[in-house]
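Please look through the sequence and the model with this briefing at hand.

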Amino acid sequence: MTNIGIDIMGGDSAPKVTLEGSAKALPDLGEDTCLYLIGPEKPIHEFLAKNGLSESEKLKVVNAEEAIAMDEHPVKALQQKTNSSLAVGFGLLSRGVLQGFGSAGNSGAMMVGAFNALKPIEGVLRPCVVSSFPQKDGGFNTLVDVGINVDAKPEMFLQFAKLGETYARLVHGVESPRIGLLNTGAEEGKGSLLYQKAYEILKTAKDLTFVGNLEARDFYENRVDVTVCDGFTGNVFLKQAEAFYKLLQYRNIEDPFLDKFNYERYGGTPILGVNGNVILGHGVSGSTAIANMILATEKVAKAKLSENITKVFKK
């Protein structure tokens, strides 16, 4: 049985939206998957009873009476609220009760919890966050890092590439992922000193298919499967894509391909490089996004993503 947990108190509209999202996800979970609802048991049981649901082999309730607010200091909150839904969830994950854990709550607390409770995988300098973007001819381009490491060092780009390559292979099914470096030009020698040094490291890396620099205008052309950059650049890129999708909605422009940029379709993004499978959802998630976050958690748990990343860094 694959056990995955959701932070019922995580998100701007919790627990209402997280419970609704959990109910939506249940029918789509595998027969060998059990969903743990982690939060205050009274409102959880009231919701289950109201919707004709109850605890079973596929649905468990774990009581956690405290909640970490979106604006709380991450370190202090986790230290002081040991019975919060976030702290309890990470505890279950670190002890092996859960194989995956997702939350749309305080992102800072999620990062701190992942680092402190799970610890980075041996050999990983800094864990990172990834986001996958649809390509015009099908498939995905996975961008690494999109937020944690805003002051990256050149050698960290190699680790981003390894983490992204493993993710693309196991989650998106790409047999031999092509790696690109997001840069200001396609030619070798472009970019800042940081990116020039990162290029040289990636160029000589073994066991990676590095194809060179990738300009942002070619990002959706299916030229690479994984694109690496520092967390500052990646975060700006990600939020610009989100802003453009909002603009399309505002202009009432509908297109099946462009709809793939709706974050609610994916639910969340994994934190890679820690000893556990963790999915970070968007704080403003609606019930559909929460349901997809749960399904994404199941997917990375069943792919044994963290365990496979550990094997990569043992080589």
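Predicted model: local features only at pLDDT ≥ 70, side-chain atom pairs only at ≥ 80, totals over all residues.

Residues are numbered from 1 along each chain as its sequence is written, and side-chain values use heavy atoms, with hydrogens and water left out. Helices (H or I, at least four residues) and strands (E, at least two) are DSSP runs, numbered from the N terminus.

**Helix packing**

- The axes of helix H1 (residues 16–25) and helix H2 (residues 41–50) cross at roughly 45° and come within 11 Å; axes are lines fitted to C-alpha atoms, for helices over the stretch in contact, and angles run from 0 to 180 degrees between N-to-C directions.
- H1 and H2 are therefore oblique to each other, given that angles under 35 degrees count as roughly parallel, over 145 as roughly antiparallel, 65 to 115 as roughly perpendicular and the rest as oblique.
- The crossing in which H1 passes H2 is right-handed; a crossing has this hand if the near helix is turned clockwise from the far one by less than a right angle, and is left-handed if anticlockwise.
- In this contact (heavy atoms within 4.5 Å), Leu19, Glu20 and Ala23 of H1 meet Pro43, Ile44 and Phe47 of H2.
- The axes of H6 and H10 cross at roughly 135° and come within 10 Å, which makes H6 oblique to H10, and H6 passes H10 in a right-handed crossing.
- H6 contributes Gln159, Lys162, Leu163, Thr166, Tyr167, Arg169, Leu170 and Val171 to the contact with H10, which contributes Leu305, Asn308, Ile309, Val312 and Phe313; these residues divide into eight nonpolar, three polar and two charged.

**Pocket and cavities**

- On a 1 Å grid over the protein atoms alone, a cavity is a set of points where a 1.4 Å probe fits but cannot get out, whereas a pocket is an open set with protein on both sides within 12 Å along at least five of seven lines, and lining residues have an atom within 4 Å of a point.
- The largest pocket has a volume of about 1200 Å³, a volume being the space filled by probe spheres set on the points, with grid points joined across faces, edges and corners.
- Of the 47 residues lining this pocket, the closest to its centre are Val130, Ser131, Gly268, Thr269 and Leu280.
- The elements that each supply at least two residues of the pocket lining include helix H5 (107–118), helix H8 (231–250) and strand S11 (278–281), while the largest share, six residues, comes from S5.
- By class, the pocket lining has 25 nonpolar, 16 polar and six charged residues.
- The count comes to three cavities of 30 Å³ or more, and the largest cavity has a volume of about 40 Å³.
- Among the residues lining the largest cavity are Pro270, Ile271, Leu272, Leu305 and Ile309; S10 and helix H10 (305–314) each supply at least two residues of this lining, which divides into eight nonpolar, four polar and no charged residues.

**Backbone geometry**

- The peptide bond from Ala14 to Pro15 is cis, with omega near 0°, and Pro15 is placed in the loop between strand S1 (2–7) and H1.
- A cis peptide bond also runs from Val144 to Asp145, with omega near 5°, and Asp145 lies in the loop between strand S6 (140–144) and H6.
- Asp207 is not a glycine, yet has a positive phi of about 65°; this residue sits in the loop between helix H7 (193–203) and strand S8 (209–215).

Terms used:
Nonpolar A, V, L, I, M, F, W, Y, C, P; charged D, E, K, R; others polar.
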